[in-house]
Amino acid sequence: RVLAGFGLVFAGIVVISAISYRNTSVLLENSRLDTKSHELVQLLGSVEEALGAAESGHRRYLVTGDESYLKSYRATVEQMPEYLRYLRGLANQGAEQRDRVETLERLITSQLKAEAGAIIQRKKLGYEGVRHLALAGAAKNEIEEIHRLMTELDTAEQRVLHARVEESAGSTKNTIALLGLGAFLQLVLLASVYFLIHHDVAERRR
């Protein structure tokens, strides 16, 4: 009976240690993924800001012909491949998000290409040749779709992030409870060993 009791307590401690280890691994993985999610959301904001500045400067150029307004556009064209590479790396957690990023990449490429074509038209035809583009935007449809996709990306990432936060909170509570139980079982084990030794010594003296 004593051996069986020790075996049960020891088995309990082993099980608790294994579950605590698993919970800790989940917490570490969630922390890594949370960092990627925050970086993705921040990057989406940077991409949207860059595209907005490029489009705004581009329209001013179409109206005025002043090439200084193309500074933001040219900077965006230069930076966008790096932005998109980074975005693909951050959005590799799910097929749905990857599909959105691929679509977003095609739309951004289409937007910048349409704006490049409008610049050529402006140089050849002057303001009257691109007046309709200056008023509506050279890539109006693409820009609207880009905003929609970015909102979807952001919303989906925030939803996943929230779910991981709840999972991490639950794992933390469980781990704390299990560690407390494990400490109690170890005390029971030590107390039992002490009692048995003390009893054995008393028996030997008698």
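Which residues of helix α4 are buried? In this predicted model, local features need pLDDT of at least 70 and side-chain atom pairs count only at pLDDT 80 or more, while totals for chains, interfaces and linings use all residues. Residues are numbered from 1 along each chain as its sequence is written, and side-chain values use heavy atoms, with hydrogens and water left out.

Helix α4 spans residues 127-136, and Val130, Leu133 and Ala134 are its buried residues; buried means under 20% relative accessible area, exposed over 50% and partly exposed in between, with a 1.4 Å probe and protein chains only. Helices here are DSSP runs (H or I, at least four residues), numbered from the N terminus. An α-helix has 3.6 residues a turn, so residues three or four places apart point the same way. Glu128, His132 and Leu135, on the other side of α4, are exposed. Just after the helix comes Gly137, with a positive phi of about 100 degrees.

What do the buried residues of α4 pack against? Their partners are α1 (2-64) and α3 (95-125). The axes of α1 and α4 come within 8 Å and cross at roughly 150 degrees; axes are lines fitted to C-alpha atoms, for helices over the stretch in contact, and angles run from 0 to 180 degrees between N-to-C directions. This makes α1 roughly antiparallel to α4, given that angles under 35 degrees count as roughly parallel, over 145 as roughly antiparallel, 65 to 115 as roughly perpendicular and the rest as oblique. Arg59, Leu62 and Val63 in α1 meet residues of α4, including Tyr127, Val130 and Leu133, where contact means heavy atoms within 4.5 Å.

Helix α1 also packs with α3, at an angle of about 15 degrees and with the axes 10 Å apart. These two helices are therefore roughly parallel to each other. Among the α1 residues that meet α3 are Leu40, Val47 and Leu51, and the α3 residues include Ile108, Ala118 and Ile119.

Arg60 also lies in helix α1. At 43% relative accessibility, Arg60 counts as partly exposed. Not counting residues up to four places away in sequence, Arg60 touches Gly65 and Tyr69. From C-alpha to C-alpha, Arg60 and His132 are 13 Å apart in space, and they are 72 residues apart in sequence.
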